[in-house]
Amino acid sequence: MQYEKTIHLEEAGTLAKFIPPSERYKIFSLKVTGFINREDVENVLDEMCTSEGEFEGDPEDDIWVTDIEHSPRLRYLDLSESQFVGDNTFPYMGWYPLLEYFAFPQGIEYTSDKYDSGFENATRLKTVVLPDGIKTIDGFSGCEKLSNINIPASLEKIESLAFAYCRKLTSFPIPRKVNYIGGGAFAQCGITSFQVDPDNPYFTTVNGVIFSKDLKTLVAFPPAYPSKHYNIPEGTETIGKGAFEDCNLDTIHIPDTVTKIEHWAFECSGLREVYIPDSVTDIGELCFRGSSNLESIRLPNNIHTLEDQIFSGCNNLKEVDIPASVKKMDVTNIVWSESLEHIYLHNGLEKITGDGPCFSEPLKYKEFYLPKTLRCFPGWLFYKCTNLKAFNLDPENPYIQYVDGAIYSKDMKKLLAVPDCRRKTFSIKDGVTEIGEFSFLGFSKLEEVTLPDSLERIGHRAFNWCHSLKKIILPKNLKSIDFRTFDDCKSLKKIVCLAPKPPLLTESNSHWHFLSDCKNVTIEIPRDSLPLYQTDEYWKKTKLIPIKD
């Protein structure tokens, strides 16, 4: 039985009096007139629009499965004859709501708090009615069945991803006042051609594609464009953020008037091959991320920086040639491009940057070459390079050198990385004073490592995930060791620390401390030093015993 209800509120904030908790899961169709406010939405309507269920599937790609039986029955919600007071922004309402029809109240200028909308992933929502006076639309991504929405003339902004994955949305006329269209606003929609009000002073269309009024920036490409190839017009200078996100193109021609490609411009596109002319000097992060059909990409020879994840997740891309003009590149282009077998780096590259380990599947690189101009790189650069057959470092490099299977600073004072993560044993060279951060990260087969007497410092998470390491001897000159050095060393049972004074444990905090993952580790120390270790703020929390004579 369908339960319908119409309520008139003379005073905003009183909706709870008219819909007691016992009714909120039963109402199928609700119309509210009069005056409402944020309290009515957050305390009553939010509950009526929040579905029950759970996530299933891969932790990285969870799918929400709704429990229909135990979810609210509300499917039609009409607030069009009510006035929203006290605010001009519609608040968050619902979690995976089951609404099919929703009409906003009057007095709203913004459809949601920025980046916080309860309408995202409303997979049953078919119709949305916007009030006159609306200025900014956001928060309808994932509304797979949304096909009917009115566009008031007052509209000024369409935020990024506002209607992404609304596959049934086949048209969206851009009114005269719209001055901002965010990246990927219509990704994976069913729009074959855009229409812009001819009196709009900011945007225009060329063959259904949205451009800035001066035709210098390509703003939005229709996701369901009827052809598999597109020629970007001559004179275009910038390809905007998310402009081709999720487009169904196979090929594209980029003219040599283009100088800039902004963030995620071609993310998750269907492109198979891309030739970027040398006129382009700036490519934004995530530019081609997730373009699983991409087999070939030619990067321009005048680009100096390769931002985050330019081609990560391009599962058919086997090789990439990084131009010699690139001086700095982000490491995510290496470790999150899991299908790459060859990445060619050239003299000119100075820095490979990255803040922390980027978890990935085992990488497929068969060979790796570091040029002579390279100054620095993350210690976990070769994390999970299990297929690596050959490694080469230009012998003329004045900053680093490759000696007996490891990369050291030129003065041999610091161990930077070990390319072969399959090593079972390893001896660090005499004279080394520091082990760099993440140097042995993920060496799951490492059973034995020999540290030199000269060693003074062990860097952040240097032996993290060395699952087979059972024992290690810390030399007498050790002065500091990072508190997460042995994170998740499951088999570690014994540490012999020969240092007469407790080495400084760096960066320890109240939530994580030295050997947090190694509950059964015993630390042997010089007998005469036992009192010093037992009174140290951090070492005293470990299992300390004197070295056996």
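## Strands, cores and loops in a predicted model

Reader: How many bridges join strand β30 to β31 in this predicted model?

Author: Strands of a sheet pair through backbone hydrogen bonds, in either a parallel or an antiparallel sense. Strand β30 covers residues 400-403 and runs antiparallel to β31. Within this pair, Tyr-402 stands opposite Ile-407 in β31. The number of bridges joining β30 to β31 is four.

Reader: Which residue in the turn of the β30 and β31 hairpin has a positive phi?

Author: The hairpin leaves two residues between β30 and β31. Most residues other than glycine have a negative phi. In this turn, a positive phi of about 45 degrees belongs to Asp-404.

Reader: Is Ser-409 buried or exposed?

Author: Ser-409 lies in strand β31. Leaving aside neighbours within four places in sequence, Ser-409 is in contact with Tyr-399, Ile-400, Gln-401, Lys-414 and Leu-416. The cut-off for a buried residue is under 20% relative accessible area. At 14% relative accessibility, Ser-409 therefore counts as buried.

Reader: With which residue does the side chain of Ser-409 make a polar contact?

Author: This contact is between two side chains. The distance is 2.6 Å, and the partner of Ser-409 is Asp-411.

Reader: What is the phi of Met-412?

Author: Met-412 sits in the loop between β31 (406-409) and β32 (414-417). Met-412 is not a glycine, yet its phi is positive. The value is about 60 degrees.

Reader: Where does Trp-264 lie, and is it buried or exposed?

Author: Trp-264 is found in the loop between β19 (260-261) and β20 (273-275). Its phi is near 40 degrees, a positive value in a residue other than glycine. Its relative accessibility is 17%, so Trp-264 counts as buried.

Reader: Which residues have the most contacts inside the largest nonpolar core?

Author: In soluble globular proteins, nonpolar side chains tend to be buried together. The largest nonpolar core here has 67 residues. The elements giving two or more residues to this core are β14 (209-212), α3 (332-335), β28 (367-370), β29 (390-393) and β32. Those with the most contacts inside the core are Tyr-230, Phe-244, Phe-288, Phe-368, Leu-370, Phe-377 and Phe-382.

Reader: How many residues are in the second, separate core?

Author: This second core is separate and includes Ile-27, Ile-108, Ile-210 and Ala-220. Its size in residues is 54.

Reader: Which residues are in contact with Phe-288, its neighbours within four places in sequence left aside?

Author: Phe-288 is among the residues with the most contacts inside the largest nonpolar core. Its partners include Phe-266, Glu-267, Leu-271, Val-274, Ile-276 and Leu-294.

Reader: Which residue in β17 is the bridge partner of Leu-218?

Author: Strand β15 (residues 217-220) pairs with β14 in the antiparallel sense over two bridges, and there Leu-218 is the bridge partner of Phe-211. The β14 and β15 hairpin has four residues between its strands, and Leu-215 in the turn has a positive phi of about 65 degrees. β15 also pairs with strand β17 (residues 238-239), in the parallel sense over two bridges. In β17, the partner of Leu-218 is Ile-239.

Reader: Which residue in β11 stands opposite Ile-137?

Author: The open sheet here has the order β9-β11-β12, with parallel pairing. β9 (136-137) and β12 (180-181) stand at its edges, each with a single partner strand, so one side of each is left without a neighbour in the sheet. β9 and β11 (residues 157-158) pair over two bridges. Opposite Ile-137 stands Ile-158.

Reader: Which side chain makes a polar contact with the side chain of His-70?

Author: His-70 lies in the loop between β4 (63-66) and β5 (76-78). It is partly exposed, with a relative accessible area of 47%. Leaving aside neighbours within four places in sequence, His-70 is in contact with Tyr-25 and Glu-52. The polar contact, at 2.8 Å, is with the side chain of Asp-67.

Terms used. Residues are numbered from 1 along each chain as its sequence is written. This is a predicted model: local features need pLDDT of at least 70, side-chain atom pairs count only at pLDDT 80 or more; totals for chains, interfaces and linings use all residues. Side-chain values use heavy atoms; hydrogens and water are left out. Buried means under 20% relative accessible area, exposed over 50%, partly exposed in between (1.4 Å probe, protein chains only). Two strands pair if DSSP finds at least two bridges between them. A nonpolar core is a set of buried Ala, Val, Leu, Ile, Met, Phe, Trp, Tyr and Cys residues joined through side-chain atoms within 4.5 Å. Contact means heavy atoms within 4.5 Å. A polar contact is a pair of N or O atoms within 3.5 Å; within protein, one must be able to donate a hydrogen and the other to accept it, and residues adjacent in sequence count only if both atoms are side-chain atoms.
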